[in-house]
Amino acid sequence: MKAEIATLLISLVAIQSTLATDHYEDKYQPQPQSRHTCTVDEALEHPHHCHLMHMAIHEPETLSSELYSFSKILGITIEAPVGHEHEYEHGHEHEHDWGLNGVDDSPTSVVRRHLRSAETKQDRNGIHTSTKTTDRKKIENTNNVKAPASALPTVLAHGMGDSCFNAGMQWITNHTSWLTNQYATCIPTGDNQHDDTFNGYFLSWDANIDAFASRVRADSNLSNGFSAIGFSQGNNVIRGYIAKYNDPPVDTFISINGVNAGIGAVPYCIPKADDASEYVLSNKFIAAVNADVDADTDADAPSPLQGKICNALMEIASGRAYSDFSQEHSFQANYWRDPRPEEKENFRAYSQLAKIGNEGLDQDPKLNENYAKTNKFVWVLATEDSLVWPPEGEWWGAPNPEDPFESILDMKETDWYTLDMFGLKTADLQRKNNFESFEGDHLRFEFDDYDVWIQTYLL
């Protein structure tokens, strides 16, 4: 009976073929890194997640494209400003090899998505900007004035569904190099665009940290230390590197909309109206895409497979995050912080987030020692963030255990601060923490905001 149920579940979520249990193991061949082969029992427990991992093996191009498109719709990819995609190519004085081999920098069509009203936009020096983003005074002519050289190179880490091999991340890496007049590189955790994207979903946080550290240590330009900039989930990789390694050390860490404190909801995936067991992208994000996609293309419109991505994410979130399987095969499960008090012990026992923050069953003083090696932290919050819950987590706030869905604690009220679990309080007392914000949704910052942060904290 169990085998028959497994066959039924797999057939419901598979594309193009029905996977009978008698050839399931033969059909799913083990692959390196995030290319995991689900057993029948794992498929019974995690049918949607196992289906996507099956696609990672057999349809990598399709899945990689869909994951990127899904993340682009959510606004968690970096896109070059329209008309500036290639400004650092072909002979620019700071063009460099990215610290990668075989990066594809061929022309791509990229569009910066904005979820704010058109009247807040203006054009300065050919780059789209908003009239007010950060409280700091704008630094004018950042595209025309050569900056003094930064003391250290810069490493960038991409968010969920993005990749160092994508044009947007390549653009902002080169832009950072231009701003700092120094070497800059985006560090992937996979050898190519497919694996780098898949690892952001199907490879554990801990394994991503190790892959990141290996590449950092292999780059001689970074041997004396570096500054690091993370975007969304990329901040978890950098924070994990600081906690676990920090050698060579991160001197300054700029966390842009980082989920460093974890996430307790998946607000962009909602139940289908006619079937509460299935999930789809919320109307808010579909409307945003329809309003912003160029009239000549529907490349970024939601597809049926993106509903399956929502199903996989919600499958992990709805009670399965704190398990050995999820912690090994879902990056998102690794930083899932269930706000319900009754889940605290499971969080402490299973979560990699708990381990990296000394909230788990065992404490490691080395985490505090490594955290202390970093000299400056910059925490950037999106004031209208609809992807990270609670958004105050970007400034190290957290749900109040006594009333988690109605009350949010300030950083200084949390246990990880008051007990100085991993070194946050010590850093604060040493005035290492800096807090910035911009008006808008997740990663919807303007590039002149970004320029200000770089010139304020890295130069």
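Modeller: Cys-186 counts as buried, at 0% relative accessibility, where buried means under 20% relative accessible area, exposed over 50% and partly exposed in between, with a 1.4 Å probe and protein chains only. This is a predicted model, in which local features need pLDDT of at least 70, side-chain atom pairs count only at pLDDT 80 or more, and totals for chains, interfaces and linings use all residues. Residues are numbered from 1 along each chain as its sequence is written, and side-chain values use heavy atoms, with hydrogens and water left out.

Biologist: Which residue forms a disulfide with Cys-186?

Modeller: A disulfide is a covalent bond between the sulfur atoms of two cysteines. Here the partner of Cys-186 is Cys-164, with the sulfur atoms 2.0 Å apart, and the rule applied is a pair of cysteine sulfur atoms within 2.5 Å. The torsion about their S-S bond is about -70°, so this disulfide is left-handed. Cys-164 is also buried, at 0% relative accessibility.

Biologist: How many disulfides does the rule count?

Modeller: The count comes to 2 disulfides, and one of them joins Cys-38 to Cys-50, with an S to S distance of 2.1 Å. That link is left-handed, with -90° about the S-S bond. Cys-38 is buried at a relative accessible area of 1%, and Cys-50 is buried at 3%.
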